[in-house]
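Open the model in your viewer and keep the selection tool at hand. The stops below go from ring to ring and then along a helix.

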Amino acid sequence: MENYYDLAKATEFERLFGNLAVRQNPTPRRNSYFVLRWAFSLVSPQGEVAEIGQALHAHMNARIQVVDTRP
């Protein structure tokens, strides 16, 4: 799903999907979204619901602010 919808993977569409039917019959929304990946296992599940929510919120904000340095 990420490779199909991610705008950043548009130039790789042919290589990623080769001779698959999805490559031969793409939908209009292929490679048209910014995709964010989340690793929720990094969020501590300790504490009350409000504390967990706060940890989740902090984690998501920190990940959004990270600059992607992949080539």
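Which residues form one aromatic cluster? Select Tyr4, Tyr5, Phe13, Phe17 and Tyr33: together they form one aromatic cluster.

Before moving on, note that this is a predicted model, in which local features need pLDDT of at least 70 and side-chain atom pairs count only at pLDDT 80 or more, while totals for chains, interfaces and linings use all residues. Residues are numbered from 1 along each chain as its sequence is written, and side-chain values use heavy atoms, with hydrogens and water left out.

**Aromatic pairs**

Rings of Phe, Tyr and Trp (for Trp, the six-membered ring) pair if their centres lie within 6.5 Å; planes under 30 degrees apart count as stacked, over 60 as edge-to-face, and the rest as tilted. By this rule there are six aromatic pairs. Among them, show Tyr4 and Phe17, an edge-to-face pair with 5.9 Å from centre to centre and 85° between the planes. This pair links distant parts of the chain: Tyr4 is in helix α1 (residues 2-5) and Phe17 in helix α2 (residues 13-17), 13 residues apart. Helices here are DSSP runs (H or I, at least four residues), numbered from the N terminus. Tyr4 and Phe17 are both buried, where buried means under 20% relative accessible area, exposed over 50%, and partly exposed in between (1.4 Å probe, protein chains only).

Next select Trp38 and Phe40, which form a stacked pair at 6.3 Å centre to centre with 20° between the planes. Trp38 is partly exposed because its relative accessibility is 29%. Phe40, at 45%, counts as partly exposed too.

**Helix α4**

Select His59, found in helix α4. Is His59 buried or exposed? His59 is buried, because its relative accessible area is 11%. Its side chain reaches the backbone oxygen of Ala39 at 3.4 Å. Leaving aside neighbours within four places in sequence, His59 is in contact (heavy atoms within 4.5 Å) with Ala39, Leu42 and Val43.

Finish at Asn61, in helix α4 (residues 49-65). Asn61 is partly exposed, with a relative accessible area of 33%. Show the side chains of Asn61 and His57: a polar contact of 3.0 Å joins them. A polar contact is a pair of N or O atoms within 3.5 Å; within protein, one must be able to donate a hydrogen and the other to accept it, and residues adjacent in sequence count only if both atoms are side-chain atoms.

Definitions and conventions:
Helices (H or I, at least four residues) and strands (E, at least two) are DSSP runs, numbered from the N terminus.
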